[in-house]
Amino acid sequence: MLNDVGNFDGDHTAVTFESAYAGRPAFVHSSDSAEQPVPQSGVRPFFFNGAQKPLFGAYYEPSAGQHAGLPVLICPPTGHEYVRCYNTIRKLCGRLAQRGFAVLKFDYCGLGDSYGDGSEATVIEFRENIRAAAAELARRSGKSEITLIGLRLGATLAAGVRFEGVAAKNLVLWDPIVDGAAYLADLRELHQACLVDSIRYRKLQPHRTTENELLGFRYPAALQTSLSQLGLLNKPFPYNNCYLLSSVQSPAGDALIQSLSRNTRGRFTHEFVEESAGWDDVRQVESALAANRAVSAISTKIAGGFV
């Protein structure tokens, strides 16, 4: 019952969400016929963060004989976007490991195979999870300086974390959430659109709206309150390199580019990838994200030293 192939560290012997992907290559179909499945050898699934609040992680060891640079921590999205992006994140991990980087991906509390049912989730708790994951990556890789990659809400969460004993030198923001309150409003609108989608339901379900559930995932009041206070504009970005990858053009995205240009301590670069993710498309709520171009762009940027 594994995937992210390997044996578990510690006493844990089974997983839930991971096992759904057992035996599948980290590959998502797209029109780019040159893309090939990424081998998943050298992957070690495990639990960390202690017995009270165990977090699930998968550590990707660098390809044999290759140690290209700083280890990489990947901070995933939350909610339904966590599921949509799952296989694409696995593919990115494999691609970076092939290029010689140690990589750790992990599940936040209440998601995937980590502790909790989502009722205790808050921005503070998610960021504590990121800190714990960064410390674990530093311990396993033997390096105290790391690169952060965040996708969607994971990017916004990662950007606000301050670490102890670990230095985040580089930050990759992949389609980040610029404004938390606007993101919550978009989720509510998408949730309502699903309930009145005639393809999804023969009999429409507008009455099934609840206060603490969005698109099949718990969003308790405390989480919604903390999310509504999140934002990326006009904040300091104390990184040597900050790389923004966008698949959507919007006024909020333009404002973020200007803000990052002013507030990044080191080098800021932006790249637009023409590869629609359908974040606000009701027909793609349950569809796996196909992002071969984005994966290639990010792995190439990191391998090239962010030049």
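Is Phe-56 buried or exposed, and what is its relative accessible area? Phe-56 is buried, at 1%; buried here means under 20% relative accessible area, exposed over 50% and partly exposed in between, with a 1.4 Å probe and protein chains only.

## Before you start

This is a predicted model, in which local features need pLDDT of at least 70, side-chain atom pairs count only at pLDDT 80 or more, and totals for chains, interfaces and linings use all residues. Residues are numbered from 1 along each chain as its sequence is written, and side-chain values use heavy atoms, leaving out hydrogens and water.

## The chain as a whole

The chain has 307 residues, and 52% of them count as buried. Its secondary structure comes to 7 helices and 10 strands; these are DSSP runs numbered from the N terminus, with helices (H or I) of at least four residues and strands (E) of at least two. Among contacts with a separation of 6 or more, 73% join residues 24 or more positions apart, where contact means heavy atoms within 4.5 Å.

## The sheet and its helices

Let's turn to the sheet. Eight strands make an open sheet with mixed pairing, in the order β1-β2-β4-β3-β5-β6-β9-β10. Its edge strands, β1 (43-48) and β10 (267-272), each pair on one side only; two strands pair if DSSP finds at least two bridges between them. From one strand to the next, the twist averages 20°. Axes for such angles are lines fitted to C-alpha atoms, for helices over the stretch in contact, and angles run from 0 to 180 degrees between N-to-C directions.

Helix α1 lies across β2, β3 (72-75), β4 (103-106), β5 (145-151) and β6 (167-174), and runs at about 165° to β4. Helix α7 (residues 292-303) also packs on the sheet, where it touches β5, β6, β9 (241-246) and β10, and its direction makes about 165° with that of β9.

## Leu-96, a residue to look up

Leu-96 sits in helix α1 and counts as buried, at 0% relative accessibility. Not counting residues up to four places away in sequence, Leu-96 touches Val-72, Phe-101, Val-103, Ile-149, Ser-299 and Ile-302.

## Aromatic pairs

The whole structure holds 6 aromatic pairs. Rings of Phe, Tyr and Trp (its six-membered ring) pair if their centres lie within 6.5 Å; planes under 30 degrees apart count as stacked, over 60 as edge-to-face and the rest as tilted. Strands β1 and β2 (residues 55-60) pair in the antiparallel sense over 6 bridges, and Phe-56 in β2 is the bridge partner of Phe-47.

Tyr-82 and Tyr-86 have ring centres 5.8 Å apart and planes at 65°, so this pair is edge-to-face. They are separated by about one helical turn because they lie 4 residues apart in helix α1 (residues 79-98). Tyr-82 is buried at 3% relative accessibility, and Tyr-86 is buried at 3%. Elsewhere, Phe-106, Tyr-108 and Phe-126 form one aromatic cluster.

## One side of helix α5

In helix α5 (residues 221-228), Leu-223, Gln-224, Ser-226 and Leu-227 are buried. They lie on the same side of α5 because they cover an arc of only 165° around the axis, taken from the directions from the helix axis to the C-beta atoms. Their cover includes α2 (123-141), α3 (153-159), α4 (180-195) and β8 (217-218).
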